[in-house]
Amino acid sequence: MNKVDVVLGLQWGDEGKGKIADFLTPQYNVIARFQGGPNAGHSLKFNGQTHVLNTIPSGIFHSGSLNIIGNGVVVDPVRIKAEIERVEAAGADVKKHLVFSRKAHVILPTHRLLDAASEHAKGAAKIGSTLRGIGPTYRDKIGRNGIRIGDIVHPDFKNKYQAIKDEHLKLIDFLGYSDFDINVLEAEFYEACEFLKAFTFVDTEYLVNEKMKTEKILAEGAQGSMLDIDFGSYPFVTSSNTISGGVCNGLGIAPQHIGRVHGIFKAYCTRVGSGPFPTELNDEVGEELRKKGNEFGATTGRPRRCGWMDLVALKYAIMLSGVDYLIMMKSDVLSGFEEVKVCTGYKVNGTISTHIPYDLCNETVEPIYQSFKGWTEDLTVCRKKSELPANFKTYIDFLESELGMPIHIISVGPDREQTIVD
Ligand code: GDP
Ligand code: IMO
Ligand code: MG
C-alpha cells in the first residue's frame with residue numbers, strides 16, 4: 001500500500017500551493033483536494049500562461065493525472081461550472097480527469113448570501129471572508145442540514161433544496177440583507193447542477209483506498225495552517241481543518257496511510273482579510289513587499305497584508321501537521337531589501353514566548369526580530385542552490401537551523417521552471 005503525500009500551506013494561505021502541487025504532479029497519479037472550496041485561488045504558471053484554480057485540484061493540466069474533489073470540500077456548482085469551462089478552454093479534458101465525491105457538500109446561492117449578510121451584520125468586526133459561502137455551507141454540514149453532490153441526481157433534489165432555501169431566506173431577511181434577486185441566482189444554480197450531472201460522482205473514499213494499492217496520491221491543501229478552524233487565529237479563520245489531520249476526514253484515509261507532508265511557506269508572510277498578524281508591516285517596507293511580490297488575491301484581487309517571516313507561527317504549523325519536507329516560495333521577492341528580518345519570538349505582556357498565545361486577537365504581541373543583511377542579486381534566474389547569493393544562503397541556513405530540517409525546494413519565480421530542488 002502506498003502512502004498518501006500531502007501539500008499544505010503553513011502560513012495564512014496563498015503560499016504557492018498551486019504552483020507546487022502542479023510541479024509535483026508528474027510524481028503522482030492522483031491529486032486530491034480534501035477541504036475548502038472556491039475561497040481558494042491556486043495559481044499555476046507554465047508556457048508563459050497563468051491559470052487560477054479554485055476548486056479543481058492543481059493536477060488537472062497533466063493528462064496523466066486523475067483529480068479528485070474529496071468529501072471534505074464544499075462545491076459551488078455555479079463557480080465550478082465557470083471554472084471547468086475556463087480549464088477546458090485552456091486545453092484540459094476535465095470530464096475525463098476529474099471526479100467528485102458524492103459526499104462533498106454543495107454551496108447554495110443562499111449560502112453565499114448568508115456569508116454576505118453575516119459579514120455585513122458584523123460591521124467592523126467582519127472576518128474578511130471571500131464571500132464564497134464557505135462558512136454557512138460548513139455550518140449546515142455540521143448542523144446536518146446540508147445538501148451533498150450526490151443529492152443533485154436524486155429525484156427529490158428540488159424539494160430538498162427549496163426547504164433549505166426557505167429557511168435561509170428567513171435568516172437573511174432577519175439579518176436585514178435584501179440586495180439580491182433570488183430568481184436569477186436560482187436559475188443559474190439549477191443550470192449549473194444540470195451541467196454537473198455529466199461528470200462522475202462517486203464514493204471517493206473507496207476510490208482513494210483502492211488507488212493507494214498501486215498508485216501514488218497527493219493531497220492538496222487549501223488555505224493555510226493559521227486559518228485552520230481549530231488552531232488558527234479564531235474567529236479570523238476559515239471553516240475547515242487545513243492541517244494534515246484534515247486529509248483523513250476530508251478523503252477517508254486512515255492516519256497510518258499519510259506519508260510525506262510537504263509544508264509550503266513564503267520567504268516572508270502575507271495575510272488577506274481581517275485578523276491578527278504579529279509581523280505585519282504597515283509601512284513602506286510592507287508596501288514594497290506587496291509591490292514586488294504582486295501580493296493581490298488570486299481570486300478576489302484584494303491587496304494582501306505583508307510582513308516578515310514569523311518563526312513562532314511557522315514552527316507551530318510544522319508541529320501541527322508533522323511536516324517533514326519544507327518548501328520555500330517567493331524567495332526572489334526579497335532581493336533588493338537592505339535588511340531582511342525574521343521573528344524568532346513574541347513579547348506578550350512583557351514576557352518572551354515562542355508559543356502562539358491563546359487569544360492572539362486581544363493580546364498585544366510584539367515580535368522579536370533577528371536581522372539579516374539583504375542582497376541585490378536577481379534570484380529568478382537561479383536554477384541551482386550553488387547559484388544563490390551568499391547573504392540569501394545565510395538567511396536560509398538560519399531558517400534551517402531554527403526549523404531543524406532542510407528546505408528541500410526553493411521557488412524563485414511563479415513559473416514551473418523557476419524551482420530549485422535540493
Ligand atoms: P496558493 O493559494 O497557495 O496556490 O497561492 P496563490 O496562487 O494564491 O498565490 C501565490 C502567488 O505567487 C501566485 O501569483 C503565484 O503565481 C506566485 N508565485 C508562486 N511562487 C512564486 C515565486 O517563487 N516567486 C514569485 N515571484 N511568485 C510566485
Ligand atoms: P488559498 O487556498 C488566503 C481567508 C479569507 C478570510 C478567512 C475566511 O488560495 O491559500 P472564508 O471565505 O474561508 O470564510 O474566509 O480566510 N482565506 C484565504 N486567505 N488564501 C486562501 O486560500 C484563503 N481562503 C480563505 O481572506 O480572512
Ligand atoms: Mg491563493
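**Group meeting: two ligands and a few residues worth a look**

Okay, let's start with ligand 1: there are 19 residues around it, and Gly16, Lys17, Ser43, Asp332 and Ser411 come nearest. "Around" here means that a residue has a heavy atom within 4 Å of the molecule.

Quick housekeeping. This is a predicted model, so local features need pLDDT of at least 70, side-chain atom pairs count only at pLDDT 80 or more, and totals for chains, interfaces and linings use all residues. Residues are numbered from 1 along each chain as its sequence is written, chains are lettered from A and ligands numbered from 1 in the order in which they are written, and side-chain values use heavy atoms, with hydrogens and water left out.

Back to ligand 1. What does the shell look like by class? It has 5 nonpolar, 7 polar and 7 charged residues. For the bookkeeping, Ala, Val, Leu, Ile, Met, Phe, Trp, Tyr, Cys and Pro count as nonpolar, Asp, Glu, Lys and Arg as charged, and the others, Gly among them, as polar.

Which elements supply at least two residues each to that shell? Helix H1 (17-24) and strand E3 (42-46) do, and H1 gives the most, with 3 residues. The element names are DSSP runs numbered from the N terminus: helices are H or I with at least four residues, strands are E with at least two.

Now the polar contacts, meaning pairs of N or O atoms within 3.5 Å; within protein, one has to be able to donate a hydrogen and the other to accept it, and residues adjacent in sequence count only if both atoms are side-chain atoms. On the backbone side, an N or O atom of Glu15 lies 3.1 Å from an oxygen atom of ligand 1, and a polar backbone atom of Lys330 is 3.0 Å from a ligand oxygen. From a side chain, an N or O atom of Asp332 is 2.8 Å from a nitrogen atom of ligand 1. As for cover, ligand 1 exposes 580 Å² taken alone, and the protein buries 91% of that. Those areas are Shrake-Rupley with a 1.4 Å probe, and for residues only the protein chains shown count as cover.

Where does ligand 1 sit? In the second largest pocket. The pocket search runs on a 1 Å grid over the protein atoms alone: a pocket is an open set of points with protein on both sides within 12 Å along at least five of seven lines, a cavity is a set where a 1.4 Å probe fits but cannot get out, and lining residues have an atom within 4 Å of a point. A molecule sits in one if more than half of its atoms lie within 2 Å of the grid points.

On to ligand 2, which sits in the largest pocket. Its shell holds 20 residues, and the closest are Asp14, Lys17, His42, Thr130 and Thr238. By class, that's 7 nonpolar, 10 polar and 3 charged. Oxygen atoms of ligand 2 have a backbone N or O atom of Asp14 at 2.7 Å, a side-chain N or O atom of His42 also at 2.7 Å, and a polar side-chain atom of Thr130 at 2.5 Å. The protein covers 97% of the 550 Å² of accessible area that ligand 2 has on its own.

Arg112 is in helix H4 (residues 109-122). Is Arg112 buried or exposed? It counts as buried because its relative accessibility is 16%; the cut-offs are under 20% for buried, over 50% for exposed and partly exposed in between, with a 1.4 Å probe and protein chains only. The Arg112 side chain has a 2.7 Å polar contact with the side chain of Asp76.

Gln223 is another buried one, at 8%. Gln223 lies in the loop between strand E10 (217-220) and helix H9 (245-251), and its side chain makes a 3.2 Å polar contact with that of Gln35. Pro235 is in the loop between E10 and H9 too, and a cis peptide bond joins Tyr234 to Pro235, with omega about 5 degrees.

Last, backbone angles. Which residues other than glycine have positive phi? Among them are Asn47, near 50 degrees, and Arg144, near 65 degrees. Asn47 is in the loop between E3 and strand E4 (49-53) and counts as exposed at 71%. Arg144 is in the loop between helix H5 (134-142) and helix H6 (157-174), and is exposed at 77%.
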